[in-house]
Amino acid sequence: MMTDVAEQSGGPVRPGAEQPPVDGSEPVAGMAPPAEDGGPGGARTGTAEPAAAARIVQIRERIDEIDNALISLWHERATLSQEVGATRMASGGTRLVLSREREILERFRVALGADGTQLALLLLRAGRGPL
């Protein structure tokens with residue numbers, strides 16, 4: 001599962017990892033640097049304009065809801081896929097069905113382009129394990 005997240009600076013950030021100090025103080029494990037803009041709720045919005053900052057916070061709240069739904073669906077899909085594989089193997093079938101994997105890869109590629117293919121590969125691996 002992916003644990004690295006690219007920060008705006010482009011460097012990887014691992015959730016819960018120490019963040020470098022912003023003001024020369026000691027780094028704090030699992031804590032984000034203090035807000036630079038003083039926006040609503042202390043969120044880092046990248047703007048000092050209050051109306052824009054408030055809108056950014058609102059949009060990010062919805063993004064977080066979507067992320068939580070995606071994570072939940074990811075886990076559900078992986079569990080179902082593992083059950084399919086276990087059922088197939090218990091009945092004497094193969095570990096995986098390549099034609100089915102190709103269908104999934106193609107569906108995601110058509111819908112999302114090259115990124116869709118990468119996403120489908122991650123989903124498939126989450127369900128069946130690495131090849």
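1. A polar contact is taken here as a pair of N or O atoms within 3.5 Å; within protein, one must be able to donate a hydrogen and the other to accept it, and residues adjacent in sequence count only if both atoms are side-chain atoms. The side chains of Glu101 and Arg128 make such a contact, at 2.6 Å.

2. The model is predicted: local features need pLDDT of at least 70, side-chain atom pairs count only at pLDDT 80 or more, and totals for chains, interfaces and linings use all residues. Residues are numbered from 1 along each chain as its sequence is written, and side-chain values use heavy atoms, with hydrogens and water left out.

3. Contact means heavy atoms within 4.5 Å. On the helix 2 side, the residues that meet helix 3 include Ile104, Leu105 and Phe108, and among their partners in helix 3 are Leu119, Ala120 and Leu123. The residues of this contact divide into 10 nonpolar, 2 polar and 4 charged. Ala, Val, Leu, Ile, Met, Phe, Trp, Tyr, Cys and Pro count as nonpolar, Asp, Glu, Lys and Arg as charged, and the others, Gly among them, as polar.

4. The search of the whole structure finds 4 salt bridges, each a side-chain nitrogen of Lys or Arg within 4 Å of a carboxyl oxygen of Asp or Glu. One of them joins Arg128 and Glu101 (2.6 Å, N to O). This pair links distant parts of the chain, with Arg128 in helix 3 and Glu101 in helix 2, 27 residues apart.

5. Glu101 is buried, at 11% relative accessible area, and Arg128 is buried at 18%; buried means under 20%, exposed over 50%, and partly exposed in between (1.4 Å probe, protein chains only). Leaving aside neighbours within four places in sequence, Glu101 is in contact with Leu96, Leu124 and Arg128.

6. Within helix 2, Glu106 and Arg109 lie 3 residues apart, about one turn of the helix, and their side chains meet in a salt bridge (2.6 Å, N to O). Glu106 is partly exposed at 38%, as is Arg109 at 40%.

Terms used. Helix = DSSP H or I, 4+ residues; strand = E, 2+ residues; numbered from the N terminus.
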